[in-house]
Amino acid sequence: MSKDRTAGLDAAVERISRALGPAGCITEPERIAPYLVDFRNLYHGETRLVARPCSTAETSEVVAICHELGVGIVPHGGNTGYCGGATPGTGGDEIVLSLARMNRIRALDAANFTITAEAGCILADVKAAAEAADRLFPLSLGSEGSCQVGGNLATNAGGLNALRYGIARDLALGLEVVLPDGRVLDGLTSLRKDNTGYDLRDLFIGAEGTLGVITAASLKLFPALRSVETAFIAVADPAAAVELLARLRAASGDAVSTFEYLPRIAIELTTRHVHGVVDPLGRPYDCYVLCEVSSAREAAGLREVLEGCLEQALSDGLVLDAAIAESIAQRNSMWKLRESVPEAQRAEGASIKHDVSVPVASLPAFMAEATAAVLAIIPMARMVTYGHVGDGNLHFNVSEPAGADRAAFMLREAEIQGAVHEIVRRYRGSISAEHGIGQLKRAQLARHKDPVALAVMHAIKQSLDPRGIMNRGKVLPD
Ligand SMILES: Cc1cc2nc3c(=O)[nH]c(=O)nc-3n(C[C@H](O)[C@H](O)[C@H](O)COP(=O)(O)OP(=O)(O)OC[C@H]3O[C@@H](n4cnc5c(N)ncnc54)[C@H](O)[C@@H]3O)c2cc1C
């Protein structure tokens, strides 16, 4: 680190410590340690200070100090992100800014169907607050017990209900943001309609902390659900899954809230590695769908719709077998299987991951082509392709061949990813459907994003953060 940077950092640490007091600062190495590594243990960084402001005013003060002294800031939510966005760099010249103490629900307006939550609120707590008011906040992630609303918006999280309710961006009405110079942008509206110029809110959603610190958000609520039907369905092939989705959406009046695809290997791995997971169908099939239809109406007749649709699909050869959950326990058991896939894959060994999306109708062709491309490189690789098929989003993951040399397998990562992402590009898909870019995919963004879009992103970054203090080395390629 240069002499100037060291002096700036010393001064920033000293001034922030004075401004926030002991409750707002972590400086002891053993307490800082968890902030220095990402959820997947891919990135390790350094910092001397974790600032933990408890209000927007305190956040603004911290950011203003860093702006004045040219010190980098890494916003930190629940640290469940998959791309290393919340992990500082190795230079030790940035501070980490944790939003964990900004965890108040500021308002809930049941009549307006809105909730205003601070960025550090745990997602599950926001959902619980909505439920207590007989409302639904539909964002649903496997990490909801620890991820934060600020992190969800900064990564524009998708999750399990995006098909019906949209992604984080669709659920936000307004944001409060501390800009890189410390000014507070108060966009905390709960209006549905506000056509007064450029939409600034959307700039910060999905920016992964590179344009400012989200301190609060007003979010959309929906009527609480009164009836839910869950089915675990063996389908003939991916094309049958896509056709079944279209039929179910039409037959149910667009009440399909979840439509998740799973291959046979997902069941083999979860039942092998995760205690309590059972195969809902007993007999093996090649591929499956976990599907949910739901309604805010008590007697919505969803069971009849689901059964009718499945019967027809069975006689048309799209569906081979199905189980409809008869109890909460059975429903939970089906969900446990789906949510255990990442853990089971980890336990099975190394994997090369892709979080891609293509238009829903193109999924079967994409899957066939991309699978063939991977197997041409590593013939015995195991394809664990699963995910939010209803959104055209696949976790196109490649597990190492049984008994393979882990290091040798991972050496092929760039080659495999290059081949898969080329196919994604041909389908006009995305190389990061919901997990973002962070540190992990910067080089790939440079290769696959439209150069004009990249130039506009750089221009926005330069205009909002000319000193380049916000989340250095994340998202934008150099
Ligand atoms: C088990 C599991 C399941 C998951 N399932 C899904 C899924 O279905 N769909 C999905 O999209 N993701 C999923 N994820 C990924 C992850 O949970 C989401 O990306 C989540 O939105 C990250 O929130 P976080 O609070 O943990 O953010 P962090 O990991 O702390 O940070 C993520 C990024 O946001 C920035 N950031 C955090 N807070 C702020 C703020 N207040 N202001 C500005 N920038 C900020 C950070 O700098 C970083 O760049 C899953 C993760 C796990 C572990």
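Guide: Happy to! Of the 35 residues around the ligand, the nearest are Pro75, Gly77, Gly78, Thr80 and Ser143; a residue is near a molecule if one of its heavy atoms lies within 4 Å of it. Before going further, please keep in mind that this is a predicted model, in which local features need pLDDT of at least 70 and side-chain atom pairs count only at pLDDT 80 or more, while totals for chains, interfaces and linings use all residues. Residues are numbered from 1 along each chain as its sequence is written, and side-chain values use heavy atoms, with hydrogens and water left out.

Now to the polar contacts, meaning pairs of N or O atoms within 3.5 Å. Within protein, one atom of the pair must be able to donate a hydrogen and the other to accept it, and residues adjacent in sequence count only if both atoms are side-chain atoms. Thr80 uses its side chain: an N or O atom there is 2.7 Å from an oxygen atom of the ligand. Gly81 uses its backbone instead, with an N or O atom 2.8 Å from a ligand oxygen.

Which elements build the shell? Strand 3 (72-76), helix 5 (149-154) and strand 10 (213-220) each supply at least two of its residues, and helix 5 gives the most, with 4 residues. Helices (H or I, at least four residues) and strands (E, at least two) are DSSP runs, numbered from the N terminus. By residue type, the shell divides into 12 nonpolar, 21 polar and 2 charged. Here Ala, Val, Leu, Ile, Met, Phe, Trp, Tyr, Cys and Pro count as nonpolar, Asp, Glu, Lys and Arg as charged, and the others, Gly among them, as polar.

Let us step back to the whole chain. The chain has 18 helices and 19 strands, and its C-alpha atoms fill a box of roughly 70 × 55 × 45 Å along the principal axes. Buried residues make up 52% of the 478 residues, where buried means under 20% relative accessible area, exposed over 50% and partly exposed in between (1.4 Å probe, protein chains only).

Charged side chains also pair up, giving a count of 29 salt bridges; a salt bridge is a side-chain nitrogen of Lys or Arg within 4 Å of a carboxyl oxygen of Asp or Glu. One of them joins Asp465 to Lys461, with the closest N and O atoms 2.8 Å apart. Asp465 is buried, at 2% relative accessibility, and Lys461 is buried too, at 15%. Elsewhere, salt bridges that share partners link Arg104, Arg106, Glu118 and Glu176 into one network. Arg412 and Glu415 form another pair, at 2.9 Å between the closest N and O atoms; Arg412 is partly exposed at 30% relative accessibility, and Glu415 is partly exposed at 40%.
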